[in-house]
Amino acid sequence: MSTALPLVGVALLLLATGLIGFYGLRVSRTTSDFFVASRTVRPVWNAAAISGEYLSAGTFLGLSGLVLLSGAEAFWFPVGYAAGYLLVLLFVAGPLRRSGAYTIPDFVHARLDSVVARRVTSVLVLVIGWLYVVPQLHGAALVITAVAPVPPWVGSVGIAVVVSAVVAAGGMRSITFVQAFQFWVKLTALTLPLVLVLMALGGAFEPGGAAVTFDPATVFPHDAGPGGLDAYTTASLLLALLLGTTGLPHVLVRFYTSPDGGSARRTTVVVLVMISVFYMVSSTLGLVARVVAPDLARPGVADTVVLELPTRLVPGLGGEMLAALVVAGAFAAFLGTSSGLVVALAGVVSQDLFGGTVRSFRWSAVACTLIPLAFALVTIPQGLVTSVGTVFVFAASALSPVILLGVWWRGLTARGAVAGMVVGSVLCATALLASSALVASGYGAGPAGETAGGLPGVVRALLAQPAAWTIPLATATVVVVSLRDRHGPPLRTDRFLRRLHVPERRRS
(Lines give C-alpha, C1' and ligand atoms only; values in the text may rest on other atoms or scores of the structure.)
Protein backbone atom coordinates (compact mmCIF):
# COMPACT_ATOMS: atom_id res chain seq x y z
CA MET A 1 0.00 0.00 0.00
CA SER A 2 1.38 3.43 -0.94
CA THR A 3 1.74 6.10 1.73
CA ALA A 4 0.70 9.25 -0.11
CA LEU A 5 -2.91 8.49 -1.03
CA PRO A 6 -4.01 7.26 2.44
CA LEU A 7 -2.46 10.30 4.07
CA VAL A 8 -4.23 12.56 1.59
CA GLY A 9 -7.50 10.79 2.41
CA VAL A 10 -6.97 11.30 6.14
CA ALA A 11 -6.04 14.95 5.60
CA LEU A 12 -9.19 15.58 3.57
CA LEU A 13 -11.33 13.90 6.23
CA LEU A 14 -9.76 15.98 9.00
CA LEU A 15 -10.24 19.14 6.94
CA ALA A 16 -13.91 18.33 6.32
CA THR A 17 -14.38 17.52 10.01
CA GLY A 18 -12.82 20.83 10.99
CA LEU A 19 -14.97 22.81 8.56
CA ILE A 20 -18.17 21.11 9.69
CA GLY A 21 -17.17 21.62 13.31
CA PHE A 22 -16.54 25.32 12.61
CA TYR A 23 -20.03 25.58 11.14
CA GLY A 24 -21.39 24.02 14.31
CA LEU A 25 -19.47 26.63 16.32
CA ARG A 26 -21.25 29.39 14.42
CA VAL A 27 -24.69 28.03 15.34
CA SER A 28 -23.85 26.96 18.93
CA ARG A 29 -24.79 29.93 21.05
CA THR A 30 -26.53 28.70 24.19
CA THR A 31 -25.76 26.27 26.98
CA SER A 32 -28.50 24.00 25.64
CA ASP A 33 -26.78 23.99 22.24
CA PHE A 34 -23.60 22.66 23.82
CA PHE A 35 -25.23 19.98 25.97
CA VAL A 36 -28.22 18.69 23.92
CA ALA A 37 -28.25 20.71 20.65
CA SER A 38 -31.26 22.59 22.06
CA ARG A 39 -33.32 19.35 21.65
CA THR A 40 -34.04 20.13 17.99
CA VAL A 41 -32.36 17.26 16.09
CA ARG A 42 -34.80 15.48 13.77
CA PRO A 43 -35.00 11.66 13.53
CA VAL A 44 -33.08 10.95 10.30
CA TRP A 45 -30.30 13.42 11.10
CA ASN A 46 -30.08 12.21 14.68
CA ALA A 47 -30.07 8.57 13.57
CA ALA A 48 -27.13 9.25 11.25
CA ALA A 49 -25.29 10.97 14.12
CA ILE A 50 -26.02 8.09 16.53
CA SER A 51 -24.86 5.56 13.93
CA GLY A 52 -21.78 7.69 13.32
CA GLU A 53 -20.74 7.46 16.96
CA TYR A 54 -21.94 3.89 17.62
CA LEU A 55 -20.05 2.31 14.70
CA SER A 56 -16.63 2.51 16.26
CA ALA A 57 -13.18 1.09 15.55
CA GLY A 58 -14.45 -2.23 16.86
CA THR A 59 -16.98 -2.38 14.04
CA PHE A 60 -15.13 -0.70 11.20
CA LEU A 61 -11.92 -2.69 11.58
CA GLY A 62 -12.46 -5.20 14.35
CA LEU A 63 -15.61 -6.96 13.15
CA SER A 64 -14.10 -8.00 9.82
CA GLY A 65 -10.95 -9.06 11.64
CA LEU A 66 -12.94 -11.12 14.14
CA VAL A 67 -14.90 -12.84 11.35
CA LEU A 68 -11.56 -13.63 9.69
CA LEU A 69 -10.27 -15.16 12.92
CA SER A 70 -13.42 -16.86 14.23
CA GLY A 71 -15.79 -17.31 11.32
CA ALA A 72 -19.50 -17.32 12.00
CA GLU A 73 -18.98 -17.30 15.76
CA ALA A 74 -18.20 -13.60 15.35
CA PHE A 75 -21.72 -12.97 14.02
CA TRP A 76 -23.03 -12.82 17.58
CA PHE A 77 -21.40 -9.41 17.93
CA PRO A 78 -23.35 -7.57 15.19
CA VAL A 79 -26.51 -9.46 16.19
CA GLY A 80 -26.11 -8.31 19.79
CA TYR A 81 -25.11 -4.75 18.88
CA ALA A 82 -28.14 -4.27 16.62
CA ALA A 83 -30.58 -6.04 18.94
CA GLY A 84 -29.40 -3.80 21.77
CA TYR A 85 -30.98 -0.88 19.98
CA LEU A 86 -34.25 -2.79 19.83
CA LEU A 87 -34.24 -2.85 23.64
CA VAL A 88 -33.42 0.86 23.66
CA LEU A 89 -36.38 1.47 21.34
CA LEU A 90 -38.81 -0.55 23.45
CA PHE A 91 -37.77 0.47 26.95
CA VAL A 92 -35.71 3.64 27.29
CA ALA A 93 -35.59 5.96 24.26
CA GLY A 94 -38.88 7.77 24.77
CA PRO A 95 -38.83 7.90 28.61
CA LEU A 96 -35.26 9.22 28.74
CA ARG A 97 -36.10 12.05 26.35
CA ARG A 98 -39.22 12.96 28.36
CA SER A 99 -37.18 13.09 31.57
CA GLY A 100 -35.79 16.49 30.51
CA ALA A 101 -32.28 15.55 31.70
CA TYR A 102 -29.01 16.57 30.03
CA THR A 103 -26.95 13.53 31.12
CA ILE A 104 -27.39 10.07 32.68
CA PRO A 105 -26.40 11.37 36.15
CA ASP A 106 -29.01 14.11 35.66
CA PHE A 107 -31.63 11.43 35.07
CA VAL A 108 -30.59 9.38 38.10
CA HIS A 109 -30.61 12.49 40.29
CA ALA A 110 -34.04 13.56 39.07
CA ARG A 111 -35.44 10.05 39.50
CA LEU A 112 -34.01 9.31 42.96
CA ASP A 113 -33.41 12.79 44.41
CA SER A 114 -30.00 11.65 45.67
CA VAL A 115 -26.64 13.38 45.31
CA VAL A 116 -24.81 10.17 46.29
CA ALA A 117 -26.54 8.19 43.52
CA ARG A 118 -25.66 10.94 41.08
CA ARG A 119 -21.99 10.90 42.08
CA VAL A 120 -21.70 7.12 41.76
CA THR A 121 -23.39 7.26 38.36
CA SER A 122 -21.02 10.00 37.23
CA VAL A 123 -17.96 7.96 38.19
CA LEU A 124 -19.25 4.91 36.32
CA VAL A 125 -20.12 7.01 33.24
CA LEU A 126 -16.57 8.38 33.19
CA VAL A 127 -15.03 4.91 33.56
CA ILE A 128 -17.22 3.46 30.79
CA GLY A 129 -16.53 6.40 28.51
CA TRP A 130 -12.76 6.31 29.00
CA LEU A 131 -12.66 2.54 28.50
CA TYR A 132 -14.49 3.05 25.20
CA VAL A 133 -12.26 5.90 23.99
CA VAL A 134 -9.05 3.91 24.45
CA PRO A 135 -9.82 1.33 21.69
CA GLN A 136 -10.53 4.21 19.29
CA LEU A 137 -7.10 5.67 19.97
CA HIS A 138 -5.51 2.22 19.67
CA GLY A 139 -7.27 1.80 16.33
CA ALA A 140 -5.89 5.10 15.08
CA ALA A 141 -2.38 4.00 16.05
CA LEU A 142 -2.90 0.67 14.27
CA VAL A 143 -4.07 2.29 11.03
CA ILE A 144 -1.45 5.02 10.87
CA THR A 145 1.38 2.50 11.28
CA ALA A 146 -0.15 0.29 8.58
CA VAL A 147 -0.12 3.06 5.97
CA ALA A 148 2.85 5.25 6.90
CA PRO A 149 6.30 4.83 8.48
CA VAL A 150 5.46 6.88 11.57
CA PRO A 151 5.30 6.06 15.29
CA PRO A 152 1.94 4.71 16.54
CA TRP A 153 1.41 7.65 18.89
CA VAL A 154 0.93 9.96 15.90
CA GLY A 155 -2.46 8.43 15.13
CA SER A 156 -3.65 8.49 18.75
CA VAL A 157 -2.52 12.05 19.39
CA GLY A 158 -3.95 13.28 16.09
CA ILE A 159 -7.41 11.89 16.89
CA ALA A 160 -7.28 13.30 20.43
CA VAL A 161 -6.36 16.79 19.22
CA VAL A 162 -9.10 16.95 16.58
CA VAL A 163 -11.78 15.51 18.89
CA SER A 164 -11.01 17.83 21.80
CA ALA A 165 -10.91 20.86 19.49
CA VAL A 166 -14.21 20.12 17.73
CA VAL A 167 -16.07 19.18 20.91
CA ALA A 168 -14.76 22.18 22.84
CA ALA A 169 -15.58 24.52 19.98
CA GLY A 170 -19.20 23.62 19.31
CA GLY A 171 -20.41 20.97 21.75
CA MET A 172 -23.33 18.71 20.91
CA ARG A 173 -24.63 20.96 18.12
CA SER A 174 -21.32 20.79 16.29
CA ILE A 175 -20.74 17.09 16.94
CA THR A 176 -24.19 16.22 15.55
CA PHE A 177 -23.22 17.59 12.15
CA VAL A 178 -19.80 15.92 12.29
CA GLN A 179 -21.09 12.48 13.27
CA ALA A 180 -23.84 12.41 10.65
CA PHE A 181 -21.26 13.25 7.97
CA GLN A 182 -18.87 10.61 9.29
CA PHE A 183 -21.50 7.86 9.23
CA TRP A 184 -21.94 8.27 5.48
CA VAL A 185 -18.17 8.39 5.02
CA LYS A 186 -17.81 5.10 6.92
CA LEU A 187 -20.61 3.38 5.06
CA THR A 188 -19.21 4.48 1.68
CA ALA A 189 -15.67 3.55 2.72
CA LEU A 190 -16.68 -0.10 3.23
CA THR A 191 -19.52 -0.54 0.74
CA LEU A 192 -17.68 0.68 -2.36
CA PRO A 193 -14.59 -1.50 -1.73
CA LEU A 194 -16.85 -4.50 -1.00
CA VAL A 195 -18.66 -4.10 -4.32
CA LEU A 196 -15.41 -3.77 -6.28
CA VAL A 197 -13.72 -6.59 -4.36
CA LEU A 198 -16.64 -8.90 -5.17
CA MET A 199 -16.40 -7.83 -8.81
CA ALA A 200 -12.67 -8.62 -8.75
CA LEU A 201 -13.39 -12.06 -7.30
CA GLY A 202 -15.79 -12.61 -10.19
CA GLY A 203 -13.04 -11.89 -12.72
CA ALA A 204 -14.34 -8.45 -13.69
CA PHE A 205 -10.91 -6.79 -13.84
CA GLU A 206 -9.05 -9.41 -15.86
CA PRO A 207 -10.03 -10.58 -19.36
CA GLY A 208 -11.16 -14.15 -19.08
CA GLY A 209 -10.54 -14.09 -15.34
CA ALA A 210 -11.99 -17.00 -13.42
CA ALA A 211 -14.43 -16.31 -10.64
CA VAL A 212 -13.50 -17.44 -7.15
CA THR A 213 -15.68 -20.21 -5.81
CA PHE A 214 -16.80 -19.75 -2.23
CA ASP A 215 -16.66 -23.18 -0.66
CA PRO A 216 -18.48 -23.24 2.71
CA ALA A 217 -15.78 -25.59 3.99
CA THR A 218 -13.23 -22.87 3.23
CA VAL A 219 -15.21 -20.02 4.73
CA PHE A 220 -16.22 -21.96 7.85
CA PRO A 221 -13.72 -24.81 8.14
CA HIS A 222 -14.14 -25.61 11.81
CA ASP A 223 -17.34 -24.04 13.08
CA ALA A 224 -21.00 -24.61 12.48
CA GLY A 225 -22.15 -21.03 12.69
CA PRO A 226 -22.81 -18.85 15.71
CA GLY A 227 -24.10 -21.89 17.57
CA GLY A 228 -20.55 -23.23 17.57
CA LEU A 229 -19.97 -21.39 20.83
CA ASP A 230 -20.90 -23.21 24.00
CA ALA A 231 -24.30 -22.36 25.45
CA TYR A 232 -23.08 -20.39 28.47
CA THR A 233 -20.63 -18.23 26.52
CA THR A 234 -23.24 -17.51 23.86
CA ALA A 235 -25.95 -16.56 26.33
CA SER A 236 -23.62 -14.42 28.45
CA LEU A 237 -22.18 -12.61 25.45
CA LEU A 238 -25.62 -11.85 24.02
CA LEU A 239 -26.89 -10.62 27.38
CA ALA A 240 -23.93 -8.26 27.67
CA LEU A 241 -24.37 -6.88 24.15
CA LEU A 242 -28.15 -6.52 24.48
CA LEU A 243 -28.15 -4.74 27.84
CA GLY A 244 -24.80 -3.01 27.38
CA THR A 245 -26.27 -0.61 24.83
CA THR A 246 -28.70 0.74 27.45
CA GLY A 247 -25.74 1.62 29.68
CA LEU A 248 -23.54 3.47 27.17
CA PRO A 249 -23.50 7.19 28.02
CA HIS A 250 -22.74 8.46 24.52
CA VAL A 251 -25.67 6.47 23.11
CA LEU A 252 -28.25 7.52 25.68
CA VAL A 253 -27.29 11.20 25.72
CA ARG A 254 -28.17 11.53 22.05
CA PHE A 255 -31.83 10.82 22.80
CA TYR A 256 -31.88 14.00 24.88
CA THR A 257 -31.33 15.92 21.64
CA SER A 258 -34.67 14.79 20.13
CA PRO A 259 -37.61 17.24 20.18
CA ASP A 260 -39.85 14.79 22.07
CA GLY A 261 -40.25 11.14 23.11
CA GLY A 262 -41.95 10.09 19.87
CA SER A 263 -39.10 11.56 17.86
CA ALA A 264 -36.60 9.63 20.00
CA ARG A 265 -38.40 6.36 19.22
CA ARG A 266 -38.52 7.11 15.49
CA THR A 267 -34.82 7.92 15.62
CA THR A 268 -34.10 4.49 17.09
CA VAL A 269 -35.99 2.73 14.28
CA VAL A 270 -33.87 4.51 11.66
CA VAL A 271 -30.71 3.67 13.63
CA LEU A 272 -31.59 -0.02 13.52
CA VAL A 273 -31.79 0.12 9.72
CA MET A 274 -28.56 2.06 9.31
CA ILE A 275 -26.37 -0.02 11.60
CA SER A 276 -27.79 -3.30 10.27
CA VAL A 277 -26.73 -2.37 6.73
CA PHE A 278 -23.28 -1.44 8.01
CA TYR A 279 -22.88 -4.71 9.92
CA MET A 280 -23.81 -6.72 6.83
CA VAL A 281 -21.13 -4.96 4.79
CA SER A 282 -18.42 -5.31 7.46
CA SER A 283 -19.20 -8.99 8.11
CA THR A 284 -19.16 -9.80 4.40
CA LEU A 285 -15.69 -8.30 4.07
CA GLY A 286 -14.56 -10.65 6.84
CA LEU A 287 -16.00 -13.65 4.99
CA VAL A 288 -14.22 -12.59 1.80
CA ALA A 289 -10.98 -12.32 3.76
CA ARG A 290 -11.30 -15.92 4.98
CA VAL A 291 -11.02 -17.00 1.34
CA VAL A 292 -8.47 -14.59 -0.10
CA ALA A 293 -6.39 -13.44 2.88
CA PRO A 294 -6.04 -16.34 5.36
CA ASP A 295 -2.44 -15.27 6.01
CA LEU A 296 -3.80 -12.25 7.94
CA ALA A 297 -5.69 -14.45 10.41
CA ARG A 298 -3.40 -13.63 13.33
CA PRO A 299 -4.22 -11.66 16.49
CA GLY A 300 -3.09 -8.06 16.13
CA VAL A 301 -2.94 -8.37 12.32
CA ALA A 302 -6.51 -9.43 11.49
CA ASP A 303 -7.83 -5.95 12.36
CA THR A 304 -6.00 -4.58 9.30
CA VAL A 305 -7.76 -6.87 6.82
CA VAL A 306 -10.15 -4.21 5.44
CA LEU A 307 -7.09 -2.06 4.71
CA GLU A 308 -5.36 -4.84 2.79
CA LEU A 309 -8.17 -6.34 0.69
CA PRO A 310 -8.55 -3.52 -1.89
CA THR A 311 -4.88 -3.50 -2.93
CA ARG A 312 -4.78 -7.31 -3.06
CA LEU A 313 -7.80 -7.74 -5.32
CA VAL A 314 -8.23 -4.50 -7.30
CA PRO A 315 -5.23 -3.81 -9.55
CA GLY A 316 -3.30 -0.56 -9.94
CA LEU A 317 -4.38 2.91 -8.96
CA GLY A 318 -7.96 1.80 -8.35
CA GLY A 319 -6.91 -0.45 -5.49
CA GLU A 320 -4.71 2.26 -3.99
CA MET A 321 -7.57 4.79 -4.10
CA LEU A 322 -9.93 2.29 -2.47
CA ALA A 323 -7.38 1.66 0.27
CA ALA A 324 -7.11 5.40 0.85
CA LEU A 325 -10.91 5.59 1.12
CA VAL A 326 -10.92 2.78 3.70
CA VAL A 327 -8.22 4.53 5.73
CA ALA A 328 -10.25 7.74 5.70
CA GLY A 329 -13.33 5.76 6.76
CA ALA A 330 -11.37 4.20 9.64
CA PHE A 331 -10.39 7.63 10.90
CA ALA A 332 -14.01 8.71 10.56
CA ALA A 333 -14.89 5.80 12.87
CA PHE A 334 -12.31 6.88 15.43
CA LEU A 335 -13.40 10.51 15.26
CA GLY A 336 -17.14 9.82 15.34
CA THR A 337 -17.12 7.53 18.35
CA SER A 338 -14.48 9.46 20.29
CA SER A 339 -16.25 12.79 19.79
CA GLY A 340 -19.57 11.31 20.94
CA LEU A 341 -17.95 9.89 24.05
CA VAL A 342 -16.08 13.08 24.86
CA VAL A 343 -19.16 15.29 24.48
CA ALA A 344 -21.10 12.95 26.81
CA LEU A 345 -18.29 12.85 29.38
CA ALA A 346 -17.67 16.59 29.20
CA GLY A 347 -21.34 17.18 29.91
CA VAL A 348 -21.14 15.01 33.03
CA VAL A 349 -17.96 16.63 34.37
CA SER A 350 -19.19 20.13 33.61
CA GLN A 351 -22.59 19.57 35.21
CA ASP A 352 -21.29 17.80 38.31
CA LEU A 353 -18.17 19.81 39.11
CA PHE A 354 -18.42 23.23 37.50
CA GLY A 355 -22.06 24.25 37.35
CA GLY A 356 -22.71 23.40 33.70
CA THR A 357 -21.35 26.52 31.99
CA VAL A 358 -20.11 26.68 28.41
CA ARG A 359 -16.58 27.54 29.58
CA SER A 360 -16.47 24.57 31.95
CA PHE A 361 -17.82 22.31 29.19
CA ARG A 362 -14.92 23.28 26.95
CA TRP A 363 -12.26 22.65 29.59
CA SER A 364 -13.95 19.39 30.53
CA ALA A 365 -13.82 18.26 26.89
CA VAL A 366 -10.05 18.73 26.84
CA ALA A 367 -9.58 16.89 30.16
CA CYS A 368 -11.84 14.00 29.11
CA THR A 369 -9.67 13.51 26.02
CA LEU A 370 -6.27 13.72 27.68
CA ILE A 371 -6.95 11.03 30.31
CA PRO A 372 -7.77 8.16 27.89
CA LEU A 373 -5.00 9.40 25.57
CA ALA A 374 -2.45 8.95 28.34
CA PHE A 375 -3.77 5.44 29.02
CA ALA A 376 -3.72 4.54 25.30
CA LEU A 377 -0.12 5.66 24.93
CA VAL A 378 1.12 3.33 27.69
CA THR A 379 -0.95 0.24 26.87
CA ILE A 380 -0.74 -2.37 24.13
CA PRO A 381 -3.80 -2.61 21.84
CA GLN A 382 -5.75 -5.86 21.98
CA GLY A 383 -8.39 -7.06 19.49
CA LEU A 384 -10.65 -4.07 18.84
CA VAL A 385 -13.94 -5.97 18.98
CA THR A 386 -13.05 -7.71 22.24
CA SER A 387 -11.89 -4.43 23.79
CA VAL A 388 -15.21 -2.78 22.95
CA GLY A 389 -17.06 -5.92 24.07
CA THR A 390 -15.48 -5.55 27.51
CA VAL A 391 -17.02 -2.08 27.80
CA PHE A 392 -20.45 -3.51 26.97
CA VAL A 393 -20.11 -6.12 29.73
CA PHE A 394 -19.14 -3.49 32.29
CA ALA A 395 -21.89 -1.07 31.25
CA ALA A 396 -24.50 -3.84 31.33
CA SER A 397 -23.43 -4.88 34.84
CA ALA A 398 -22.92 -1.45 36.37
CA LEU A 399 -25.51 0.90 34.86
CA SER A 400 -28.16 -0.92 32.83
CA PRO A 401 -30.13 -2.43 35.77
CA VAL A 402 -30.50 0.97 37.44
CA ILE A 403 -31.50 2.74 34.24
CA LEU A 404 -34.11 0.14 33.30
CA LEU A 405 -35.53 -0.12 36.82
CA GLY A 406 -35.44 3.66 37.13
CA VAL A 407 -37.70 3.92 34.10
CA TRP A 408 -40.04 1.02 34.87
CA TRP A 409 -40.09 0.22 38.60
CA ARG A 410 -41.69 2.56 41.09
CA GLY A 411 -40.00 0.90 44.08
CA LEU A 412 -36.43 1.85 43.16
CA THR A 413 -34.65 3.77 45.93
CA ALA A 414 -31.37 5.67 46.03
CA ARG A 415 -29.76 3.13 48.38
CA GLY A 416 -30.82 0.26 46.15
CA ALA A 417 -29.44 1.99 43.06
CA VAL A 418 -26.09 2.77 44.69
CA ALA A 419 -25.75 -0.77 46.05
CA GLY A 420 -26.58 -2.30 42.66
CA MET A 421 -24.12 -0.09 40.79
CA VAL A 422 -21.31 -0.83 43.25
CA VAL A 423 -21.96 -4.59 43.27
CA GLY A 424 -22.30 -4.83 39.48
CA SER A 425 -19.19 -2.78 38.73
CA VAL A 426 -16.98 -4.46 41.36
CA LEU A 427 -17.99 -8.01 40.40
CA CYS A 428 -17.58 -7.35 36.69
CA ALA A 429 -14.23 -5.59 37.05
CA THR A 430 -12.93 -8.35 39.32
CA ALA A 431 -13.99 -11.08 36.89
CA LEU A 432 -12.46 -9.38 33.85
CA LEU A 433 -9.19 -8.61 35.63
CA ALA A 434 -8.97 -12.19 36.90
CA SER A 435 -9.62 -13.51 33.40
CA SER A 436 -6.86 -11.31 31.99
CA ALA A 437 -4.49 -12.50 34.70
CA LEU A 438 -5.25 -16.15 33.86
CA VAL A 439 -4.58 -15.55 30.17
CA ALA A 440 -1.36 -13.66 30.92
CA SER A 441 -0.13 -16.51 33.11
CA GLY A 442 -0.88 -19.07 30.39
CA TYR A 443 -3.51 -20.83 32.45
CA GLY A 444 -6.34 -19.50 30.33
CA ALA A 445 -4.74 -20.09 26.94
CA GLY A 446 -6.42 -22.19 24.31
CA PRO A 447 -10.04 -22.69 23.24
CA ALA A 448 -12.64 -22.33 25.96
CA GLY A 449 -13.99 -25.80 25.28
CA GLU A 450 -10.73 -27.65 25.90
CA THR A 451 -11.48 -28.27 29.56
CA ALA A 452 -15.18 -27.57 29.52
CA GLY A 453 -15.93 -30.67 31.57
CA GLY A 454 -13.67 -29.65 34.46
CA LEU A 455 -13.40 -26.85 36.95
CA PRO A 456 -10.73 -24.84 35.06
CA GLY A 457 -12.89 -24.57 31.95
CA VAL A 458 -15.93 -23.54 33.99
CA VAL A 459 -13.97 -20.92 35.88
CA ARG A 460 -12.46 -19.53 32.69
CA ALA A 461 -15.86 -19.23 31.05
CA LEU A 462 -17.43 -17.56 34.10
CA LEU A 463 -14.61 -15.02 34.32
CA ALA A 464 -14.22 -14.32 30.60
CA GLN A 465 -17.96 -13.79 30.04
CA PRO A 466 -19.34 -12.71 33.42
CA ALA A 467 -22.51 -10.93 32.25
CA ALA A 468 -24.74 -13.97 32.84
CA TRP A 469 -24.10 -13.76 36.58
CA THR A 470 -23.00 -10.18 37.25
CA ILE A 471 -26.13 -8.60 35.73
CA PRO A 472 -28.60 -10.80 37.69
CA LEU A 473 -26.64 -10.24 40.91
CA ALA A 474 -26.53 -6.48 40.37
CA THR A 475 -30.27 -6.43 39.58
CA ALA A 476 -31.11 -8.57 42.60
CA THR A 477 -29.05 -6.25 44.80
CA VAL A 478 -30.97 -3.22 43.54
CA VAL A 479 -34.33 -4.89 44.18
CA VAL A 480 -33.52 -6.39 47.61
CA VAL A 481 -31.91 -3.26 49.02
CA SER A 482 -34.72 -1.07 47.64
CA LEU A 483 -37.39 -3.30 49.20
CA ARG A 484 -35.61 -3.22 52.58
CA ASP A 485 -34.96 0.51 52.46
CA ARG A 486 -37.12 2.10 55.19
CA HIS A 487 -36.98 5.49 53.47
CA GLY A 488 -38.68 4.13 50.35
CA PRO A 489 -38.73 5.86 46.96
CA PRO A 490 -38.90 9.68 46.72
CA LEU A 491 -42.31 11.24 47.35
CA ARG A 492 -42.51 12.63 43.82
CA THR A 493 -41.80 9.28 42.16
CA ASP A 494 -45.33 8.87 40.73
CA ARG A 495 -45.27 12.32 39.19
CA PHE A 496 -41.84 11.74 37.65
CA LEU A 497 -42.81 8.34 36.23
CA ARG A 498 -45.93 9.85 34.72
CA ARG A 499 -43.71 12.37 32.98
CA LEU A 500 -41.57 9.54 31.60
CA HIS A 501 -44.40 7.43 30.22
CA VAL A 502 -47.17 9.84 29.16
CA PRO A 503 -46.55 11.27 25.66
CA GLU A 504 -46.09 15.02 25.53
CA ARG A 505 -49.22 15.70 23.50
CA ARG A 506 -51.40 13.91 26.04
CA ARG A 507 -49.86 15.81 28.96
CA SER A 508 -50.47 19.12 27.25
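Which residues does Ala101 touch, not counting residues up to four places away in sequence? Here are some notes on that and on other points of this predicted model.

1. **Ground rules.** Residue numbers start from 1 along each chain as its sequence is written. The model is predicted, with local features needing pLDDT of at least 70, side-chain atom pairs counting only at pLDDT 80 or more, and totals for chains, interfaces and linings using all residues, while side-chain values use heavy atoms, with hydrogens and water left out.

2. **Ala101.** To take up the opening question: Ala101 touches Arg39, Asp106, Phe107 and Tyr256, leaving aside residues up to four places away in sequence (a contact means heavy atoms within 4.5 Å). Ala101 sits in the loop between α5 (76-98) and α6. Its relative accessibility is 6%, so Ala101 counts as buried (buried is under 20% relative accessible area, exposed over 50%, and partly exposed in between, with a 1.4 Å probe and protein chains only). From Ala101 to Tyr256 the C-alpha to C-alpha distance is 7.0 Å, although 155 residues separate them in sequence.

3. **Overall fold.** You will find 22 helices and 0 strands in the protein chain (both are DSSP runs numbered from the N terminus: helices are H or I with at least four residues, strands E with at least two). Buried residues make up 56% of the 508 in the protein chain. Of the contacts between residues at least 6 apart in sequence, 84% join residues at least 24 apart.

4. **Confidence.** The protein chain has a mean pLDDT of 83, with 87% of its residues at 70 or more (pLDDT is the predictor's confidence in each residue, from 0 to 100). By element, the lowest mean pLDDT is that of helix α9 (residues 216-219), at 53, and the highest that of helix α20 (residues 467-484), at 96. Residues 222-228 stay under 50, and the model gives them 14 contacts beyond four places in sequence. Residues 445-454 are also below 50 in pLDDT, with 11 contacts beyond near neighbours in sequence.

5. **Second largest pocket.** The volume here is about 210 Å³. On a 1 Å grid over the protein atoms alone, a pocket is an open set of points where a 1.4 Å probe fits, with protein on both sides within 12 Å along at least five of seven lines; lining residues have an atom within 4 Å of a point. The lining includes Leu5, Leu12, Phe181, Val185 and Met321. Elements giving two or more residues to this lining are α1 (4-27), α8 (153-201) and α14 (316-353), and α1 gives the most, with 6 residues. By class, the lining has 11 nonpolar residues, 1 polar and no charged.

6. **Helix α13.** In helix α13 (residues 305-313), the buried residues are Val305, Val306, Leu307, Leu309 and Pro310. Their cover includes α4 (57-70), α7 (115-147), α8, α12 (261-292) and α14.

7. **Around α7.** Asp113 lies in the loop between α6 (104-112) and α7. Its phi is near 55°, a positive value in a residue other than glycine. Val127, within helix α7, has 31% relative accessibility and therefore counts as partly exposed. Val127 and Pro372 are 9.8 Å apart, C-alpha to C-alpha, with a sequence separation of 245 residues.

8. **Cysteines.** The structure has 0 disulfides (a disulfide is a pair of cysteine sulfur atoms within 2.5 Å). Cys368 is buried, at 2% relative accessible area, and Cys428 is buried at 0% relative accessibility.

Technical notes. Grid points are joined across faces, edges and corners, and a volume is the space filled by probe spheres set on the points. Ala, Val, Leu, Ile, Met, Phe, Trp, Tyr, Cys and Pro count as nonpolar, Asp, Glu, Lys and Arg as charged, and the others, Gly among them, as polar.
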